[in-house]
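Please consult the sequence and structure shown here.

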Amino acid sequence: DFMLGPTHEEFFTLLVKDLYSSYKDLPLWLYQIQTKFRDEARPRAGLLRGREFVMKDSYSFDVDDAGLDRSYAAHREAYIRIFDRLGLDYVIVSALSGAMGGSKSEEFLTPASVGEDTYVRCTTCDYAANVEALRTLVPPALPYDDVPAAHVEDTPDTPTIETLVALANGRADLRRSDRDWTAADTLKNVVVKLRHPGGKSELLAIGLPGDRDVDAKRLEAVVHPAVVEPFTDGDFAENPGLVRGYIGPAALGSDKPAAVRYLLDPRVVEGTRWITGANEPGRHVFDLVTGRDFTADGTIEAATVFEGDPCPNGDGGSLVAARGIEMGHIFQLGRKFADALDLKVLDETGKQVVVTMGSYGIGPSRAIAAIAEATLDDIGLCWPRAVAPADLHVVATGKDDAVFEAAQALADDLVEQGIDVLYDDRRGVSPGVKFKDAELLGMPTIVVVGRGLHDGVVEVRDRRTGEREDVPVGEAVAHLVGVVRS
RNA sequence: CGGGGUGUAGCGCAGUUUGGUAGCGCGCUGCGUUCGGGACGCAGAGGUCGUGGGUUCAAAUCCCGCCACCCCGACCA
């Protein structure tokens, strides 16, 4: 969700129309790092989601689809290197490009229970996707030659799936011979209102297996930019064709009197056999077969995802869910924005063609929070070397002036070598306090100048492993430069 | 916007149920000892108890109003 405000539009227009107007100038990549603001209703979780944050975003411009693929792949590789160096666990998941209307999109997520994104991954292959972008594995159509004709039954006092299933299993004339009815045998039809940009409102019915619910996030993602509003008592009053609790396919669809657009969960394939509403209070239809007895206007991906659902790759694996923090997002915008901005260049044949764009973002300020969260241990922060505030933490211990002079000299020499040094020169503070502070701050290497000085050595500690090593004072600078640059 | 919680010394908190003139830890100041794993002794400083009103002989404590901050939800990179 990167903002393409007027400044972007003007800038892109200037770039492509006036400066880079030929295929010879492409691909063109540009990036910026800027402070952004988002009017969060309730900022929380510290740096993870503040009202103000630093954002790196970049854009690619190519003359054709193959070029966009190359630009996208190059950014993807760069992001992989960046996140590897940051020392973070991450997963790359398929995502929806959402508002940007692009064709391909992936997110870099750091697994974290505090994350705001839910994603699924396959237990046997490398498939991973944000739940919003998950494609349901469509089961094969079923034969229905021997399914009896649909029949309407009186099912009094069954406004919910639970009461309906209980009644069906409890009545001899409705009971199945092979097994009990379950909620998954019922077809639940949920009606919502969609508010389109510009204010136009539309009714949408979603038909899905009764053991599942409409997932608000998935629905919002697929209907974007329309906004989902609940179907209220007043709406029922205005639509007498929709009977609360007993809505069935017979009343739904653009071609029906109620003119409610009707979309089915992908699992509701031809030949599936359902118990569903008969559009009359207290009555349901049994043995209603998809394709034989009713059709819809299409399908929609909006049902809740269950752990154990089959992997969409169809290789027999199942899905598990996890939470993650979005650290980066790359996507292929395609030509939607370029079209709107009339961003054209000359191609090899001298024709004016619309460029195709990609967009790529990383949130550095939230990365700091996520790295800190992911790498800390029981005694404090534990910065990966690539992002540590300083390379070395030099600690002088004791009260001997010679210690402080040696520590200062060492720090000066290291700085001269281009090393970032944090030097604890506090006098009168006990060694234990200084060690604890150094561990808390979490520089990757801690150098102790203290009692070892009598033997001509300083102590070099690795913050993460706790390993300690005595190094002769004369070799300390060269040794430490090696440690930092390794 | 909905729900919940908290405001008492620089920081973290107890005290509020049952009204009786404010306490603990850390930090801070001074002196002495200590100095490689969050030192110790002695002596000190520091609070109109968020705010306005009410009840009472007496209010941090009870009652009413207001303000601020925090948490959960919705929303969000």
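Cys-311 touches Cys-122, Cys-125, Tyr-127, Leu-137, Gly-317, Ser-318 and Leu-319, leaving out residues up to four places away in sequence; two residues are in contact if their C-beta atoms, placed from the backbone, lie within 7 Å. The model is predicted: local features need pLDDT of at least 70, side-chain atom pairs count only at pLDDT 80 or more, and totals for chains, interfaces and linings use all residues. Residues are numbered from 1 along each chain as its sequence is written, while chains are lettered from A and ligands numbered from 1 in the order in which they are written.

**Surroundings of Cys-311**

- Cys-311 is found in the loop between β14 (298–299) and β15 (319–334); helices (H or I, at least four residues) and strands (E, at least two) are DSSP runs, numbered from the N terminus.
- Cys-311 counts as buried because it has 20 C-beta neighbours inside 10 Å. The classes are buried for 20 or more other C-beta atoms within 10 Å of a residue's own, exposed for 12 or fewer, and partly exposed in between, with C-beta atoms placed from the backbone.

**Helix α2**

- Helix α2 (residues 65–85) has 21 residues and reaches 30 Å from its first C-alpha to its last, close to the 30 Å expected at 1.5 Å a residue; the expected span is 1.5 Å times one less than the number of residues.
- Leu-68, Ser-71, Tyr-72, His-75 and Tyr-79 are the buried residues of α2. Seen down the axis of α2, they fall within an arc of 100°, so they line one face of the helix; the arc is that of the directions from the helix axis to the C-beta atoms.
- These buried residues pack against β1 (28–37), β2 (52–62), β4 (104–111), β15 and β18 (356–362).
- On the face of α2 turned away from the buried side are the exposed residues Ala-66, Ala-73, Glu-77, Arg-81, Asp-84 and Arg-85.

**Nonpolar cores**

- In the largest nonpolar core, of 44 residues, Leu-109, Ala-129, Met-327, Val-355, Met-357 and Ala-370 touch the most other members. Such a core is a set of buried Ala, Val, Leu, Ile, Met, Phe, Trp, Tyr and Cys residues joined through C-beta atoms within 7 Å.
- β15 supplies the largest share of this core, 6 residues.
- A second, separate core of 32 residues includes Leu-204, Val-260, Tyr-262 and Phe-286.

**Strand pairing around β13**

- Strands β7 (residues 151–154) and β13 (residues 283–289) pair in the antiparallel sense over 4 bridges; pairing requires that DSSP find at least two bridges between two strands. His-151 stands opposite Phe-286 in β13.
- Strand β12 (residues 273–280) runs antiparallel to β13 and is joined to it by 5 bridges, with Leu-288 in β13 as the bridge partner of Trp-274.
- β12 and β13 form a hairpin with 2 residues between them, and Gly-282 in the turn has a positive phi of about 80°.

**Five-stranded sheet**

- An open sheet of 5 strands has the order β20-β19-β21-β22-β23, with mixed pairing. Its edge strands, β20 (421–424) and β23 (468–472), each pair on one side only.
- Strand β22 (residues 457–462) and β23 run antiparallel and are joined by 5 bridges; Val-458 has Val-471 in β23 as its bridge partner.
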